[in-house]
Amino acid sequence: ARLANQIAAGEVVERPASVIKELIENSLDAGATNIHIEVVKGGIKKIRISDNGSGIVKDELTLALSRHATSKIKDLNDLEAINSLGFRGEALASISSVARLTLTSKPKEQVNAWQANAEGRDMAVTVKPAAHPDGTSIEVLDLFFNTPARRKFLRTEKTEFHHIDEVVRRIALARFDVGFTLTHNGKTVRQYRIASTKAQQAKRVAMVCGQKFIENAIEVECQHDDMTFSGWLAKPSFSRSQNDLCYSYVNGRMMRDKLINHAIRQAYSDLLPHDAYPAFVLFLTLNHKDVDVNVHPAKHEVRFHQSRYVHDFIYSVCHQGLQNELS
Ligand code: ADP
Ligand code: MG
């Protein structure tokens, strides 16, 4: 069982940042409104994610650690209308095959907390009582301790932490309604409080993308049928000195989608042929049945059922916003 899970882990668990992405997505799927991310030595030594979500009942702890066990899909028809972030049931099993994973949880309706971990070649799960507030914590120690070949590919603590920070930033932009804290080696390095008003959201965007970005951004918002497109688009005057600020989301999922990026880039380059370096934080929401999220295992790409239509909608909103700014 361990070997099969390790092979599957090759797909989802590349580095500490990918572990963190999977664990945060689980917390979000569990309805958490506060998520703590604790990292030691770039996540190589230790990762601990604590949430105040729905928790896992004692009898389901073992199942949560086994492969292809997901509580999120009941039948194949559900695949058509997935609105949870995870649905493959592989993350916990994969991670626990390549690290020392401990799962501790207490659903509100359960009096005591319980803790589970899977060990050895057969990944036998042991469950014991524990102390924990309502919610779930997952601790991952010594990533790749048993797969030295994979461990060799890890970079320095600093680089691994940089990847983690980027994952947390991307997710923080997707979920203004959730608070996140990130600590590294015992020090709080990021604190994103729940942002309910537009002003608080702009503040979070400023924390993630920099004050200069938000000061030089055009706010866009447009609805058409059951599609909405909104967010912040850098004015042509914004000079991007540092790294790329290209954040786009489809139904709350972070994307590196070619179609979306193409539509935005084209709006910039049509108006600004010589200075077309877009920077943006943009959110597309549309009916779940109009988009296929099951395209790519890392889930960064989607397939729109009416792709031309989506492309043109995004293009026209960006084009309009930029044009207003230029005139
Ligand atoms: P998936 O997310 O694809 O369902 P995972 O391996 O990531 O698969 O998680 C397995 C199961 O464990 C989930 O379906 C869920 O029921 C449970 N689970 C994992 N993390 C949490 C969490 N933080 N809070 C509540 N339940 C969780
Ligand atoms: Mg998951």
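Two residues are in contact here if their C-beta atoms, placed from the backbone, lie within 7 Å. Keep that in mind for what covers helix H7, below. What you're looking at is a predicted model. Its protein chain has 10 helices and 15 strands, and 38% of its 327 residues count as buried. Of the contacts between residues at least 6 apart in sequence, 67% join residues at least 24 apart.

**Helix H7**

- H7 runs over residues 198-209, and at 1.5 Å a residue those 12 residues should span 16 Å; the end C-alpha atoms are 16 Å apart, which agrees.
- Which residues of H7 are buried? They are Arg204, Val205, Val208 and Cys209.
- Looking down the H7 axis, the buried residues fall within an arc of 115°, so they line one face of the helix.
- As a bit of background, an α-helix has 3.6 residues a turn, so residues three or four places apart point the same way.
- The cover over the buried residues of H7 includes helices H6 (157-174) and H8 (211-215), along with strands S8 (187-192), S10 (227-234) and S13 (280-285).
- Just past the end of H7 sits Gly210, with a positive phi of about 100°.

**H2 against H6**

- H6 turns up again as a partner of helix H2 (residues 16-29): the two pack at an angle of about 25°, with their axes 8 Å apart.
- Angles under 35 degrees count as roughly parallel, and H2 and H6 are therefore roughly parallel to each other.
- Their crossing is right-handed.
- On the H2 side, the residues that meet H6 are Pro16, Ala17, Ile20, Lys21 and Ile24.
- On the H6 side, they are Glu160, His163, Ile164, Val167 and Ile171.

**Positive phi in non-glycine residues**

- Lys41 isn't a glycine, yet it has a positive phi of about 50°.
- You'll find Lys41 in the loop between strand S1 (34-40) and strand S2 (46-51), and with 15 C-beta neighbours inside 10 Å it counts as partly exposed.
- Asp142 is another residue other than glycine with a positive phi, near 50°.
- Asp142 lies in the loop between strand S6 (135-141) and helix H5 (148-151), and it is partly exposed, with 13 other C-beta atoms within 10 Å.

**Lys258**

- Lys258 belongs to helix H9 (residues 258-271).
- Is Lys258 buried or exposed? It has 9 other C-beta atoms within 10 Å, so it is exposed.
- Lys258 and Val302 are 44 residues apart in sequence, while their C-alpha atoms are 9.3 Å apart in space.

Definitions and conventions: Residues numbered from 1 in each chain as written. Chains lettered and ligands numbered in written order. Predicted model: local features only at pLDDT ≥ 70, side-chain atom pairs only at ≥ 80, totals over all residues. Helix = DSSP H or I, 4+ residues; strand = E, 2+ residues; numbered from the N terminus. Buried ≥ 20, exposed ≤ 12 C-beta atoms within 10 Å, placed from the backbone. Expected span 1.5 Å × (residues − 1). Arc of directions from axis to C-beta. Axes fitted to C-alpha atoms, helices over the stretch in contact; angles between N-to-C directions. Parallel < 35°, antiparallel > 145°, perpendicular 65-115°, else oblique. Left-handed = near helix turned anticlockwise from the far one by under 90°.
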